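These are notes for a colleague opening this structure for the first time. Please read the points below with the model on screen.

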Amino acid sequence: MNSWQSKEQLTELLSSLAHYQSVTGTNAEIALAEYLHHLLAEKTYFQKNSDHLNLHPLDDGRHLLTALVKGASNTKETIILLSHFDVVGTEDYGSLENLAFRPKELTKEMNKIYDQLPLQVQKDLKQGEWLFGRGTMDMKAGLSIHLSMLERAMNGEFNGNILLLTVPDEEVNSKGMLTALPVLNQLKESENLEFNACLNGEPMFSKYPGDPSYYVYTGSIGKVLPGFYCYGKESHVGEPFSGINPNLMNSFLSLQLELNESFIEKAGDEVTPPPVSLMQRDLKEEYSVQTPQAAVSMYNVLYLQQSFNDINEKLLESAKKAAKNIETHVNEKAEKYADMASDFTMSYSKVHVMMYEELYNEAVKRFGQDEIDRIQNLLVNQREQGDRDFSTLLVQELAAMCKDLTPLIVLFYSPPFYPAVSSHQDKYISRVMDYVKEYVADKYGLSLTVSEFFTGLSDLSFIGPVSSKGKLDQLTVNMPLQNHGFTFPSDIMEKLTMPILNIGPLGKDAHQWTERLELSYSFEVLPEIVSEAIKQLLKK
């Protein structure tokens with residue numbers, strides 16, 4: 001019996017998924033994976049083939065889910081349907097937070113406060129085909145469509161195999177997808193599968209307010225998260241020139257990096273935004289009249305086709321410019337102070353800039369490999385911090401062992417890292433997209449716009465063809481967390497690399513309290529588009 005095919009059925013399915021408050025890292029994230037398993041386990045196909053439906057554990061108690069439906073032709077040809085079931089938090093909903101996971105009730109409430117809403121939201125409400133709520137757009141609608149496709153596969157619609165893969169943690173560290181890679185590799189071997197392509201269902205993103213285009217994507221944007229550890233020289237506030245404040249160092253780094261146009265990249269119609277700071281703070285835990293000893297900042301850097309080495313060089317050059325400007329600023333201020341304090345003298349202080357790898361090698365040179373391993377293993381075993389804070393701690397411990405190098409700026413990298421990936425030039429994907437565009441134009445009178453990069457970040461980054469040449473060695477050797485509770489799995493990523501596509505629903509305001517899904521396109525037109533795309537992808 002079909003349960004997930006009509007617009008009404010898909011709306012009910014989406015609402016039931018949205019009821020699970022699967023904010024990343026919460027117990028509801030675990031509960032939703034179990035609910036999905038329960039839904040699928042009721043299907044006759046999985047009652048007969050229970051070994052094709054599995055929950056796979058992450059190392060922290062969460063699960064990802066795989067559901068394989070094999071075609072009757074006993075072919076190896078397989079399409080992966082990729083989604084995530086976690087969502088961001090709901091604090092932004094304010095007084096409506098108790099309804100954030102109740103789409104139907106929230107949509108009714110939005111109508112009651114119509115006059116208080118932004119004009120575009122009012123316009124959509126008046127149209128009447130929108131469903132509000134956390135996760136409706138990002139991305140439980142995409143997951144609902146994929147469940148619909150799995151049901152069609154059970155009914156024999158596709159001449160090949162369909163593998164549903166849905167994961168937790170996409171909104172934070174993509175730990176679900178990273179855990180899924182060896183699972184996919186194992187399934188490929190044990191079930192004798194050939195992965196033709198991976199089809200994601202992330203929602204389309206408008207390029208500007210009122211954008212009428214319907215987007216599909218052949219790739220996904222990349223992201224690096226560089227950190228800058230600023231190790232200053234502490235001083236009493238009454239003697240500021242006897243040290244260098246790391247907060248001052250951080251501010252000069254910010255001037256170099258924040259909105260820096262040299263990082264902006266254009267590929268086709270896509271233009272990356274410049275870097276922005278995601279974290280900037282000193283590491284002093286208690287108040288006193290001593291200046292902080294150290295500070296840290298981290299920046300969001302998005303990219304399309306640049307090599308990682310090029311990005312690293314720009315970051316390093318920015319840090320070196322900041323160091324020169326710090327030196328100039330402090331010495332100019334010292335000279336001004338000396339004009340009024342005749343007995344004041346200050347020695348010139350050089351700000352050193354190093355990569356994490358250089359700092360690590362310097363510490364090994366001074367104290368030996370065994371001692372560095374002992375210290376880092378001890379920290380790993382006692383770890384309580386998240387990835388970003390623990391990365392900073394590992395840098396901090398090494399810097400403290402080389403205190404004579406201060407003042408010091410250390411460039412390092414922290415998870416998450418998303419490689420930019422693209423199948424835009426792949427003839428197989430181009431053929432599929434040409435067919436789908438013509439199909440949609442003929443049947444629905446709609447024009448699909450094929451964009452190379454999905455700009456919202458996605459787990460396709462770990463399975464698609466990288467868009468830039470070059471190895472990632474420069475990243476991993478400068479990532480303190482590598483092999484210390486985290487491993488970037490570049491080897492298995494290369495082994496599993498496959499063509500990618502993203503065809504998803506129409507929605508607006510992801511990660512905002514006005515997040516909403518348009519129902520007519522998403523649950524009437526889109527299922528047919530995805531079905532046709534799968535059929536074409538199986539004709540490799």
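1. The model is a predicted one. The peptide bond between Asp138 and Met139 is cis, with omega about -15°. Another cis peptide bond runs from Pro415 to Pro416, where omega is near 5°. Pro416 sits in the loop between strand 16 and strand 17 (421–422). For background, most peptide bonds are trans.

2. Tyr413 is part of strand 16. Is Tyr413 buried or exposed? Its relative accessibility is 1%, so Tyr413 counts as buried, the cut-off for buried being under 20%. The side chain of Tyr413 makes a polar contact of 2.6 Å with that of Asn312. Beyond its neighbours within four places in sequence, Tyr413 touches a set of residues including Leu225, Pro226, Phe308, Leu315, Met355 and Leu475. Asn478, Met479 and Pro480 are also among its contacts. Gly219, by comparison, is 194 residues from Tyr413 in sequence and 24 Å from Tyr413 in space, C-alpha to C-alpha.

3. Helix 8 (residues 246–257) has twelve residues, and its first and last C-alpha atoms are 16 Å apart, close to the 16 Å expected. At the start of helix 8, a side-chain oxygen of Asn245 comes to within 2.9 Å of the backbone nitrogen of Asn247. The buried residues of helix 8 include Pro246, Met249, Phe252, Leu253 and Leu257, and also Asn250, Ser254 and Gln256.

4. Glu29 is in helix 2 (residues 27–41). With a relative accessible area of 1%, Glu29 is buried. Which groups does its side chain reach? It comes to 2.7 Å from the backbone nitrogen of Gly25, and a polar contact of 3.1 Å links the side chains of Glu29 and Arg62. Leaving aside neighbours within four places in sequence, the residues in contact with Glu29 include Ser22, Val23, Thr24, Phe85, Asp86, Pro168 and Asp169.

5. Asp169, in contact with Glu29, has a positive phi of about 70° although it is not a glycine. Asp169 is in the loop between strand 5 (161–167) and helix 7 (175–190), and at 2% relative accessibility it counts as buried. Asp509 also has a positive phi, near 65°. Asp509 is in the loop between strand 20 (507–508) and strand 21 (516–518), and is partly exposed, with a relative accessible area of 23%.

6. Helix 1 (residues 7–18) and helix 16 (residues 519–537) have axes that come within 9 Å and cross at roughly 115°. Lys7, Leu10, Thr11 and Leu14 of helix 1 meet Leu519, Ser520, Phe523, Glu524 and Pro527 of helix 16. These contact residues divide into five nonpolar, two polar and two charged.

7. The axes of helix 11 (residues 369–381) and helix 12 (residues 387–401) come within 11 Å, crossing at roughly 150°. On the helix 11 side the contact involves Ile372, Ile375, Gln376, Leu379 and Val380, and on the helix 12 side Phe390, Leu393, Leu394, Glu397, Leu398 and Met401. The contact residues are nine nonpolar, one polar and one charged.

Key:
Residues are numbered from 1 along each chain as its sequence is written. This is a predicted model: local features need pLDDT of at least 70, side-chain atom pairs count only at pLDDT 80 or more; totals for chains, interfaces and linings use all residues. Side-chain values use heavy atoms; hydrogens and water are left out. Axes are lines fitted to C-alpha atoms, for helices over the stretch in contact, and angles run from 0 to 180 degrees between N-to-C directions. Helices (H or I, at least four residues) and strands (E, at least two) are DSSP runs, numbered from the N terminus. Contact means heavy atoms within 4.5 Å. Ala, Val, Leu, Ile, Met, Phe, Trp, Tyr, Cys and Pro count as nonpolar, Asp, Glu, Lys and Arg as charged, and the others, Gly among them, as polar. The expected span of a helix is 1.5 Å times one less than its number of residues. Buried means under 20% relative accessible area, exposed over 50%, partly exposed in between (1.4 Å probe, protein chains only). A polar contact is a pair of N or O atoms within 3.5 Å; within protein, one must be able to donate a hydrogen and the other to accept it, and residues adjacent in sequence count only if both atoms are side-chain atoms.
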